[in-house]
Each structure stands twice: as structure tokens, then as C-alpha cells.
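Dear colleague,

Please find below the structure that I am handing over to you. My notes on what was found in it follow directly after.

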Amino acid sequence: MKEYTAYLLVDGIVQGVGFRPTVYRLAKLMNLTGHVRNMGNIVEIIIQGTYDDIKLFVDELQEYKPVRSEINNIDVEIKGEVTPETKYDDFTIKESSDEISGSAVIPPDISICDECLNEILDINNRHYYYPFTACTNCGPRFTVIDKVPYDRKNTTMDDFPLCTHCEEEYTNPLDRRYHAEATCCPECGPQVFLYKDGVIQSKDPIRDASRLIDEGKILAIKGIGGTHLVCKTSTDEAILNLRERLGRKTQPFACMTPDTKTASLFVEFNDKEKEVLESVARPIVILNKSRDYGLSEALSPGLHNQGVMLPYTGLHHLLFKYTLEPAYVMTSANMPGNPMLINNKEIIEKLDGIADYYLLHDRKILNRCDDSVVRFRNNHPGFIRRSRGYVPKPFDFSNINTTHNILAVGPELDVTFSILKEGKCYPSQHIGNTSKIKTIEFMQDAIKHLIKLTRTDNLDYVVADMHPEFNTTKLARQLSEEYDARLVQVQHHHAHASSLMAEHNLDEMVVIAADGVGYGEDGTIWGGEVLYLNNTGHYKNVGGLKTQPMPGGDLSTKYPIRMAMGILYTIMDKEELRDLMKNEYSEYFKYGDKEVDMVLKQLDNDFNTSRTSSMGRVLDSISVLLGISKNRGYEGECSMKLESVAREGFDLLVMELEPTLENNRLVIDTSKLLLDVVHLIKSGVGIDEIACASERALAEALADIAIITARDKKVNVIGGTGGVFYNEFISEVVKKKVEDEGLTFVQHEKTCAGDGSVSMGQCAIVGWRLSDN
């Protein structure tokens, strides 16, 4: 039978996951000749055999690809019949080449696999108790890579030449460590050490670190993508010390626990949540506290849930071998708003006075990468933060735009940026609060690095938020000039909604966009809108919450009683409002009764008073009126605590909230809602019942507008986006109301409901506008 030479280009997550040795073993098994090699961001395969052999090879490769790999596409080209001159004698693995850029990238960081973990725990294995043990199925990827192709020389592991044993494994195509770029052992790899005023001599630094934590000390532990601050969770003292030193008085801390069996002692989870907990990405999963929750209440004060993750490195597993603690606090080691620390010298200097000891290592972290955070709503996962374990895996935008290179820089808080190239959208790791200079500098470096990894030689468009004062908007202007690219600014909630529409591959939909803040087209602050949008890249604001005065602007976010006062000002008698604030809420104001009078003057004169329709601000206002919160210690605190209290309500109280038509928009009067809250408090109704009823009233009223709009536009799909849709109860209420009307409800599952996916939505909007839809 005739034999042919086939040229295959494999696109997807196919580097750093044992793909080439799999190709090699399959070709040898089928007695085929040719070669395989990495080329830029893709894998090239030359295979020789009959037509049926080639077809079977392609089918088998897709069926038996490595467990950590993902094949997006295999482009097969038959080059012609094999001749004596073109015949390969054998099948080989060739050295990598960078001749072709392709469009796929390396895999994300992967948690340690069972085989490597077993070696670490095997006293007869040379990897015994070695925390950096890795193979092609596990270990760091994104955090150590400098450029593609993903070869050891292009990673920070190049600083650690392989010993004879590791070299043998690394060069043997039949070994699971063949071209495992992060492979190493105690003889040739990174070393961990304990530090305090100098390196502490220790035979077992990890064991000593665990002992110190159990004694109540706070440790800074350097990991694969950053540094954690770690302390015990069984008592209050260490956590309260950590809070005092960080200035995070009430912000919930995530914890790490050795396994799901131990986790079940203090949190509840179903099979789906367990599956995500145990996944190779190992994100933090937000889980409900169990009735017998035995950890310190200082861990997540005032909340019904707790962030939990499982160990994802050998070092983490070894820490738990030496302790009886059910969990350790594992929170990012950075001052609020600033990026995680990754350099040993900087870790020691910046955390002086915060950490008592440091558990460090000598491998460089090239790319910061915070832990990912997942929460389930309506029994489906969604990201609060999409970062380690998922980045830089791209989203398929081939139906949106394949011809333009687009960089989108996101908003200001919880920022990611995204690059759209050749029909793939690459959201970055979590960047953070870009109002901080250090964070915007980190973002600039990360942009340059992802541009290099994706081999994006030029940018056609740079996309930013409409807010003129965001540092990201200013950075976008700078980058558009640097790359000679066109600058485009898009509305914040349109980008939120577009990320949801792109994720679900829809052409049009109605979206409830509800969060804290977004610069509106009319110059006010949006955050409680219903939008109609389609794949032309445009939208219409069809209704939402009433625009309310926000005295003092951002002060009303830190002290939500000011926001509550602004909302009630539009419906209550002024003197009655003054008396209410002074008699019931004076201590909620920074300056007491004097500030009440000052805020009233601000409202009377419309001085230093913004306008907002934000649902987040309404929920905050209800929280403070009910006495659940006094002020905001961290982003979303008041609303999160309101949700926790609302869960205790019986959901029997009904609060009426009907949309009315104003200027061709359906509007919900939140002043009436807050006045009802005040009256119900005075009548002695329990705060849990009021909290539950007010959340339901808002959710159902916005759902009503969305349903009316969907009927009018003949659209079958309604979605929910924005930080409010992290609220499980609100998400459930909206979903039920929408589905009871025979419509489909969608939510973020692979993207963030919050600001973390705004940059992805920005890419989608400009991509749609540039395409022939």
C-alpha cells in the first residue's frame, strides 16, 4: 500500500504536559516514522504511513492525549507519497524550534500529582520529603516561564542544572519526566530554608516551620506564584495578631486544609464542590460553614461561609504532615491593594513586623499568580478570582474575531487584562487594585510578558473603561501610542455583560448588571441596570434602579450610612430624617451628630454629591440600617454580611417593589424600599426577615424588568452579571423568576461575575464591532 508524508500542526495546551512523548510512544507502537517537535506555541508532527495509518494516528492521539493536555485543533496536510529519498528511518523527538508562532500557550500551574506525592512520602525514593518534586503531569508552568517554546532553558529552572539521575529521566521518552521542565531532586534543585535575622540552621526547615505555626507564630511562606502569610486556625490569638499587623480588621481569610475529610469537620460541600476542591487547579472554594464549625470565629467574622483550599505543592503537603491543626490560614502576603511579594529580599523587608519567621526558597518566581477563588450559585461554579491553575488558558473567540490583535486593560479594582489574538482571548492572572502605583507597575510588566508569551507582534486596538481617571485608562492611552494602536473606551457594565454573552456563545441577550460602581454613559455611577445587547458590540440601557444621591462620593462607600441617608433624603421629611440618624445611627458617622447636619447640608445644596444607581450601595445601606454593619472594612463587607444574616430569615415577609416607567425606562424606587426597611425595624420585625425580604424584593424587581425587555425584544436568554451575583440567594431568586416565565437564565461559570472578566468583555465588544456579523 502507498505511504504518505503527513504534516500535522497541533494547537492547544500541548507543551509542558507530556505531549511529545505521548506522540512518540504512539508512533512507535504503530510502527510509523517521522518526528515531533515544539514550534513556538504549537507542536509539529511529521508522520509517514498509509492513509488509514495516518487517520488512525490522529484519532488515537485525540483519544489518548496526556491527561493535562487540551487539543483545540489538529491541522493535517498530506505532503505527498513517500519516496526512498524522503523516507524517515525511525520516529524521533527533535529539538524545539521557534519558527512558527501559533496561537496557543503553555498550561497553567498544576497541583502536585499522586505519583510525585507518593515519591515524596516514600523513604526509599530519592525524592523523599523533597518539596519541589514534579513531572510532566504536575508542577509550576506559567509562574516559571520566560518565553516560548516551553523548554527548561526558557524557564527559571534553567538556574538548576540537572544531576545525572534527573538528566536520565529528562532525556528518556518513555519516562514520565521526559522534558518535564520543572523536574529536579534534592541533589540539583531549589532548596527551602527558614529565615529570621539570617538563615536558621535546620535539618528540616518545613518541620520547624510547622512547629512555629502551631506555637502561634505568623510565617511568610514563599510558594510557586507568590507568598502566603500563614498561621493556625484553632484559636483566635494568631489570627487577631495577623489582622492587627496587616490592618485587616474584619476581612475573611482563606484557609488550607490537608484533605476533604478534614475539611468536612468545619465546612459543608456537595459532590460538585468537592470535585472543584480536588481539581488539579486547586482553587479556593467558598463553602458554607458546618453547624459544628470548630475553627476560630476570627477567621471569617460575621459570615456564613469560609474560603477553603487543599494543598497544591509538595511543601504544603509536608507542612500538614507535622501538625494536628485542621487548617492553616493561607492569605496573600501583601499590603492591601499592592501585588504579592515574590522576591526573597523584598519579602523579608516588606513583611518585617508582620511575619515572625520566613520559609523561603531559591527558585525565582517570574510571574506572580494569586490563588483562584470559586463560589457555587445555583449549583454551578463561578469565579470570584480566576488566576492560578487557570491562567493563561485562553477562551475561544473564533466566532467573535480572528483577524485583529486587541489588548483590553479592564477597570480599576480586581483587574485583569486580556489579549485577543487569532480568535483566542487570553485573560491575565489577577492583577488587583490599580489605583496603587506598585500594582499598575506590576500590570505593565505582566502585559509585556503575556504579549511575549503569545507572540503578539503588534496591537491594533487598546481598550479601556470609560472612566477618565482610572490608572488603567491612562495606561491604555500610553500603550495605544506606544503600539500605534487605536484607543477605544467602553462602558463598564456593557463589558460585564459582554463577557457573559461571550462565555455562553450567544448572539444577543438581556442582562441584569448589578454591582458597586461603573462609570455610566450619562456621567452618573451605574450599578443596577438591565441591558439589552447583541453581537454588533452595542447595547441599550432599558431600565434599573433609581439614581440616588451619594453624599461625599466615595465616602459613602466607606461609610454606607451616608448612602442610606442620601436614599432616604428623597422620600422622608428632612427633620424626621435628621432625628432618625442622630437617635439611631449617630455612632455610624465618623463625626457623629455634627456629620449628620453636614450631610443634610450637602444634600440640600447638592454639594460634593454624586449620583448612583448601584445595587451594591443599596444593599450596603440596608445592611447599616439593620445594624449588621457600621462601615466597610473591605470590599463588599456590608453586602456579604447582609447575605449571611438574610440566610437566617424564613423568607415569609413580602416587600412590594414595582418598576414604574420614567423617560421610557423601567425604574425601581429604592427610596421606598429603604423607607419600608425603617418602618419594619420600628415595628419590631426581625432583621433576618427584613434582610431576606429586601434582597428578594430587589432581585424580583430587576428580574421583572429583564423579563419585560426579553418579551419585547423576542429574546429567550436572560443573564446576571456584576458582583451582586456572587450572592447565592439573589442569584437563585432571579433564576427561578426567569425560568418560571419559560426563559433561560445564564450566569458566569468559567468567568468572573465581578470585575475580573471586564477586560474579556472589552475584547469581545471591540471584536464584535470589527467583525461582519
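The axes of helix α13 (residues 492-503) and helix α23 (residues 758-770) come within 7 Å and cross at roughly 80°. Here axes are lines fitted to C-alpha atoms, for helices over the stretch in contact, and angles run from 0 to 180 degrees between N-to-C directions. Helices (H or I, at least four residues) and strands (E, at least two) are DSSP runs, numbered from the N terminus. The helices α13 and α23 are therefore roughly perpendicular to each other (angles of 65 to 115 degrees count as such, under 35 as roughly parallel, over 145 as roughly antiparallel and the rest as oblique). Residues in contact have heavy atoms within 4.5 Å; among them are His492, His494 and Met501 in α13, and Val758, Trp768 and Arg769 in α23. By class, this contact of α13 with α23 has eight nonpolar, seven polar and two charged residues. Ala, Val, Leu, Ile, Met, Phe, Trp, Tyr, Cys and Pro count as nonpolar, Asp, Glu, Lys and Arg as charged, and the others, Gly among them, as polar.

The model is predicted: local features need pLDDT of at least 70, side-chain atom pairs count only at pLDDT 80 or more, and totals for chains, interfaces and linings use all residues. Residues are numbered from 1 along each chain as its sequence is written, and side-chain values use heavy atoms, with hydrogens and water left out.

Nine aromatic pairs are found in the whole structure (rings of Phe, Tyr and Trp, the last by its six-membered ring, pair if their centres lie within 6.5 Å; planes under 30 degrees apart count as stacked, over 60 as edge-to-face and the rest as tilted). One of these pairs, tyrosine 24 with phenylalanine 91, is tilted, at 6.5 Å centre to centre and 55° between the planes. This pair links distant parts of the chain, as tyrosine 24 is in helix α1 (residues 19-29) and phenylalanine 91 is in strand β5 (residues 91-93), 67 residues apart.

Some points concern the backbone. The peptide bond from valine 148 to proline 149 is cis, with omega near 5°, and proline 149 is found in the loop between α3 (114-120) and α4 (164-170). Another cis peptide bond joins valine 391 and proline 392, with omega about 10°; proline 392 is in the loop between β16 (380-385) and β17 (395-396). Histidine 179 is not a glycine, yet has a positive phi of about 50°, and lies in the loop between α4 and β6 (192-195).

Yours sincerely
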